[in-house]
Every structure is written in structure tokens, then in C-alpha cells.
Amino acid sequence: MKVRVAHLSDPHFGTVKPEIKQALLNAMKDLNPSLIVISGDISQRATYSQFREARAFTKSLAGLPLIAIPGNHDIPLFNLIARLFYPYAGFRSVFKGILQRRLMVNGVQVLALNSTSRFRHIQGDLVISKLKKHLSEMSNEALIRIVTFHHPMACPKHVDVKNLLKGREQVMKILEEKKIDLILGGHIHDPHVALSTEHYKDVKRAAIFSVAGTCLSWRTRADAPNSFHLIDIETENSSRLEIIRYDVDQNFRFQPVGSQKFTKDTEAGWQRA
Ligand SMILES: [Fe+2]
Ligand SMILES: [Fe+2]
């Protein structure tokens with residue numbers, strides 16, 4: 001059985017280039033994913049108009065199963081009353097009713113978690129008791145288990161270590177115990193794919209990190225144009241997985257620019273193929 005996940009991140013509606021938005025819609029139509037995950041920073045400043053723009057975009061995705069989670073930009077920054085008392089009102093106004101915490105497609109389950117904090121803008125924070133509770137609700141039937149939260153567990157450049165999830169060593173241990181296969185994030189606008197064993201020395205059973213770049217915003221980093229990850233998962237026999245990075249080119253077309261392949265061993269988890 002094949003499942004194709006489009007991992008989009010950090011669109012930052014309010015800073016979106018229209019040509020790129022059209023290019024991304026074209027790419028989704030051509031690639032026809034089984035489900036789409038948007039790993040946070042949906043808006044630039046958490047305004048209702050930016051969330052409405054995001055909703056119009058997701059409506060154009062022709063009813064594909066969707067998981068979206070908030071990022072630090074989806075909480076009001078300057079309106080302190082809103083930030084303290086109803087930080088997710090804008091996000092919920094758009095996505096309420098269409099978002100589920102968990103999705104299962106052909107044996108692949110995705111769990112959405114919220115790593116943002118009204119008290120912390122840059123570095124995220126997962127509440128451990130909530131993390132454990134939500135993980136315990138995952139189905140035992142799932143062949144591949146994916147979790148997504150905005151703040152990344154790993155980054156390619158040392159300068160971004162300050163942006164990684166707070167308390168990530170403990171979180172890594174819990175995700176390993178629950179045999180999570182894939183951990184999706186964003187936030188740093190710098191695409192990265194790695195095994196957990198390449199970043200955490202005590203991990204025995206390797207999971208895969210997919211940190212996607214910004215799919216739509218002009219807030220890009222050097223050497224990282226607008227991009228997304230396409231994750232092709234094969235669940236029959238021994239599990240295999242390929243993550244293909246798509247970058248936008250000068251003609252406003254998303255093109256594959258690199259791929260990383262993995263296979264799964266029941267004891268040691270994932271390894272590079
Ligand atoms: Fe972002
Ligand atoms: Fe962010």
C-alpha cells in the first residue's frame with residue numbers, strides 16, 4: 001500500500017507571493033497526495049484576514065485530507081490581551097470543524113500536536129502530560145506513525161539551535177518509546193531531513209525528521225527558496241520511505257531537487273537505504 005504525504009510548512013499568509021501560491025496549487029494537483037500536513041506558521045501576524053486567506057487556499061486543495069497545526073506566528077504578538085486569553089481564536093475561526101487531531105490513511109496515522117506557547121515566541125514547548133495523553137490515543141492498527149508539531153527537533157545549521165524545541169531530549173525519549181516513525185516540523189525555513197540517531201546520541205530506535213522550508217512566504221533563507229517535502233511511504237512487506245524535496249524555480253514551478261530513501265528494521269527503526 002502506498003501513501004503519499006505532502007509536507008508543507010510556514011506559508012505565512014500575509015507574506016505570500018501569488019505566483020508561488022499558484023505554483024504550489026499546480027504541484028499539489030499534479031502530485032495528488034493522499035494527505036497534506038501544514039506544520040505551522042499559517043499566518044504572518046495571526047490576523048483574521050490572513051487566516052481567511054489561508055482558508056481560501058486550503059479550500060482550493062480540492063478536499064484533500066488535511067492536518068494543520070499552529071506555529072508561533074499564529075498567536076497574536078502585540079495584542080497582549082488576545083495573546084494571553086484567547087491565543088488560538090484566529091486559527092480556530094478558520095480551521096474549526098475541518099481539522100482533526102488524528103488522521104489515518106491506509107495504515108498511516110498522523111497526530112497533530114501544538115508546540116506553541118503564549119509565553120514563548122521563538123522556542124516551542126510541548127506539555128509532557130498532554131504529549132503522553134495524545135500519543136496514547138494513537139491507534140495500535142497504524143503501520144506508520146507520524147507526529148507533527150511546529151518547532152523542529154533538529155536543524156542543519158548551528159545558528160538555529162536556539163529555535164529547536166525546548167525539552168527536546170525528553171520529548172525524543174517519549175517519541176522513541178511510542179515507536180514514532182516520522183516527526184514533521186518547520187519554523188526555521190531551512191529544509192532538513194535526518195535520522196534521530198544522527199542528532200540524539202542515546203536513541204536506539206531511529207525515527208526520521210522532516211523539517212520543511214517555507215512553502216509560500218517571501219521570508220526565505222539564503223540557499224533555501226520556497227519548498228516542500230513529498231513523502232512517499234510504502235507500507236507493504238518491509239516499510240520503505242522516500243522524502244523528495246521540491247524547490248520552486250525561476251519559472252515558478254516546483255521541481256524535485258533531491259531525495260533521501262529509508263527502510264525500516266523492526267528493532268533498530270529506520271535506516272538510510
Ligand atoms: Fe515560520
Ligand atoms: Fe515559526
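These legends describe close-up views of a predicted model. Local features need pLDDT of at least 70 and side-chain atom pairs count only at pLDDT 80 or more, whereas totals for chains, interfaces and linings use all residues; side-chain values use heavy atoms, with hydrogens and water left out. Residues are numbered from 1 along each chain as its sequence is written, and chains are lettered from A and ligands numbered from 1 in the order in which they are written.

**View 1. The site of the iron ion (ligand 1).** Donors are N, O and S atoms within 2.8 Å of the metal (3.2 Å for Na, K and Ca); water is not among the atoms, so sites may look incomplete. Along the chain these donors follow the spacing D-x1-H-x28-D-x147-H. His12 is in the loop between β1 (2-8) and α1 (18-31), and His189 is in the loop between β7 (182-185) and β8 (192-195), so that the pair links distant parts of the chain, 177 residues apart. Helices (H or I, at least four residues) and strands (E, at least two) are DSSP runs, numbered from the N terminus. The 4 donor atoms subtend angles of 88 to 178°, which makes the arrangement irregular. Four donors count as tetrahedral if all angles lie between 85 and 135 degrees; four count as square planar and six as octahedral if opposite donors are over 155 degrees apart and all others between 65 and 115; anything else is irregular. Both His12 and His189 are buried (under 20% relative accessible area; exposed is over 50%, partly exposed in between; 1.4 Å probe, protein chains only).

**View 2. The site of the iron ion (ligand 2).** Asp41 (OD), Asn72 (OD1), His150 (NE2) and His187 (ND1) coordinate this ion at 2.1 to 2.2 Å. Asp41 bridges the iron ion (ligand 2) and the iron ion (ligand 1), which lie 3.5 Å apart. Asn72, in the loop between β3 (66-68) and α3 (80-85), and His187, in the loop between β7 and β8, are 115 residues apart and link distant parts of the chain. Both Asn72 and His187 are buried.

**View 3. The surroundings of Arg219.** Arg219 is in the loop between β9 (208-211) and β10 and is partly exposed, with a relative accessible area of 28%. Contact means heavy atoms within 4.5 Å. Not counting residues up to four places away in sequence, Arg219 touches His12, Thr15, Gln44, His73, His189 and Thr214. Val16 and Arg219 are 203 residues apart in sequence, with their C-alpha atoms 8.9 Å apart in space.

**View 4. Aromatic pairs.** Rings of Phe, Tyr and Trp (its six-membered ring) pair if their centres lie within 6.5 Å; planes under 30 degrees apart count as stacked, over 60 as edge-to-face and the rest as tilted. By this rule the count comes to 5 aromatic pairs. Phe13 and Phe57 form a tilted pair, with ring centres 5.6 Å apart and planes at 50°. Phe13 is in the loop between β1 and α1, and Phe57 is in helix α2 (residues 48-59), 44 residues apart. Tyr200 and Phe209 form an edge-to-face pair, 6.0 Å centre to centre with 70° between the planes. Ring pairs also link Phe228, Tyr246 and Phe254 into a cluster.
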